[in-house]
Amino acid sequence: MNILYDERLDGPAPEMDRAGIRDALLKAIPGMTLLHREEDMRPFECDGLSVYRTLPLLVALPDSLDQVQRLLVECHRLGVPVVTRGAGTGLSAGALPLTHGVLLVMSRFSRILEIDPEARIARVEPGVRNLAISEAASPYGLYYAPDPSSQIACSIGGNVAENAGGVHCLKYGLTVHNVIKVEVLTIEGERMTLGSDALDAPGFDLLALFNGSEGMLGVVTEITVKLLPKPEVAKVLMASFDDVEKAGNAVGAIIAAGIIPGGLEMMDKLAIIAAEDFIGAGYPVDAEAILLCELDGVEADVDDDCETVRQVLEKAGATGIRQARDDAERAKFWAGRKNAFPAVGRMSPDYYCMDGTIPRRELARVLKGISDLSERYGLKVANVFHAGDGNMHPLILFDANREGELAVAEALGGEILELCVEVGGTITGEHGVGREKINQMCAQFRPDELATFRAAKAAFDPHDLLNPGKNIPTPARCSEFRTIKSAAADTASVVQQGGQE
C-alpha cells in the first residue's frame, strides 16, 4: 500500500518554467546563490529518509535575512512553492523538495548571536547545530537540554520544525518546552515575533503552534532557547533483562516509584548486538533487552535515587545491573545508544526508522505486537527508543535492491504506527509527519480534526505554498487510504475464515 508520493500534493504548479523563475528570482534578489544545474542540486534531493528522492526546481542559498524575505515575497508573487531545509537530518521526508518548487536552504545562518548566562538564554540563528549551543554555553556552566541522536549535525531550526526531543526529553522536555521566542517570516515576507523574553507573551500561544509545524506556516529566522545549569553529578545504571516485556514493565515501575530520570532508554537484543559491535560500549550481548537509566542532580539525592532504581530493577526481574564507574564509562554507555541507528545500519543494506509514541503502560504489549508484525512481514526489527516517555524508534531492516521489499517495509511501518494509535498513542514523537506518515494521519485523526489543521495552515499560508503536501492529508487521500485499508481488512477476514473452516 505505497501511496506515499503523489505529485498532486505538491501544491499549485507555477506558470513559468525553470529558467523564467530563476531569472525572476535573480532579478529580484541579485547576488543570492541559486542552484539550477542537476549535478549541483543532487545533494539536496532528500533528507535523512533517503529512500524518497525528488530533484527540486531550484535551490536557494541565501546568506542574509533580507534575501530570505525577498525570496518569499517573490515566490508568493509567482505562485512558486517553497520548502525550507536545515541540515537535512530529518527522518520523515519533511524537507523532501518539490519538482516545481524552490528549496530554501538555511544552513548559512549559523551564528550564535548571544549567550546570556544571567538570563540563562541563548539567541541563535536557525542553522546553528544543536550541540554547538551547549558547547558555547559550557564555559558558563550551562547547556541546552534537548539532545537528539543527531545533535552533532542537526540544526536548531530543524529541531523547532519537528519539535525534536532526545535522551533528556523525559525530565527536561522537548524543543517546545525549551524555546521561549522565535522570529519568523511568513510566505508574504511579513516579520513576526512569537513568544517573549518574559515569562508570558500576549495573545494566543502561536509559539507552541510553530514548534512542530514542519515549515508549513513560516520560515524561522531566529530562535531564543533556555539554558539550564549543568547537573552537579550524573550517574548511569545499565540493567539487562532476559525478556523484552520485563524491561518494558520495569520502565513504568521506575516512574511509579517517584523517580524521574534524566534519561531512560531501552534497546532490544538486535540493537544491543549492533551497538556493541560498532562502539564497544560494554553492553551484554546475551541480554534480550537493556535499560539505560541516568539520574542527575545533587550527589546525595542521586545516590539515593540510584539505590531506589536498583531495587526497582531487581524486583522487575533484571538479570544484571551495572553502574558506570566514572564519567568515561558513563559516556561509553551513552555512545552505544547515541550511535544505535548507524550501528544497525551496518547489519542491513537499508533500514526504515519509525517514530511512534505510546503510554508507558503499553510498552510490553506494543513490543510484543511489533515482534508479531515482524514475523508476519518477514523483516527484522531492532527496537531503540526513549522508554521513559514512550517514544519508540523501531528500525525495520530491509534491502531496497530487492523488488517490492521497500513497499513491505512501508506497510510494516504503517501497521506499527497504527498499533501505537490503537493503544492510545500517536504516530510521531519527534521526527514529524512529513511525507512518511501522511497516510497514518488519516488513522490518527477524524475528518473534522484534519479540517481544523487545514484551517490553521490557511490562516498563515492561504495559497498553500509553504511545504505543500506534507503533514496534513487531503480528504481525497484519506478516503483512498481508508478504502484500501478496508479492502485489505476484508481480504484478511476472508482468508482467516477460510483457514478456520
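Start with the surface: this chain exposes about 20800 Å², and carbon and sulfur atoms supply 51% of that area. Keep in mind that you're looking at a predicted model. Now go below the surface, where buried residues make up 54% of the 501 residues.

What is the chain built from? Count along it and you get 18 helices and 19 strands. The radius of gyration is 23 Å, close to the 23 Å that the globule rule gives for 501 residues, so the chain is as compact as a globular protein of that length.

Next, look at who touches whom. Take the contacts between residues at least 6 apart in sequence: 72% of them join residues at least 24 apart.

Finally, zoom in on two loop residues. Arg120 sits in the loop between strand E5 (112–116) and strand E6 (121–124). Its phi is positive, about 55 degrees, even though Arg120 is not a glycine. Is Arg120 buried, exposed or partly exposed? Partly exposed, because its relative accessibility is 43%, and that class lies between the under 20% of buried and the over 50% of exposed.

For the other residue, move to the loop between helix H17 (447–460) and helix H18 (475–500), where you'll find Asp464. Here too phi is positive in a residue other than glycine, with a value near 55 degrees for Asp464. At 29% relative accessibility, Asp464 also counts as partly exposed.

Key:
Residues are numbered from 1 along each chain as its sequence is written. This is a predicted model: local features need pLDDT of at least 70, side-chain atom pairs count only at pLDDT 80 or more; totals for chains, interfaces and linings use all residues. Side-chain values use heavy atoms; hydrogens and water are left out. Helices (H or I, at least four residues) and strands (E, at least two) are DSSP runs, numbered from the N terminus. The radius of gyration is taken over C-alpha atoms; the globule rule is 2.2 Å times the number of residues to the power 0.38. Buried means under 20% relative accessible area, exposed over 50%, partly exposed in between (1.4 Å probe, protein chains only). Contact means heavy atoms within 4.5 Å. Accessible areas come from the Shrake-Rupley method with a 1.4 Å probe; for residues, only the protein chains shown count as cover.
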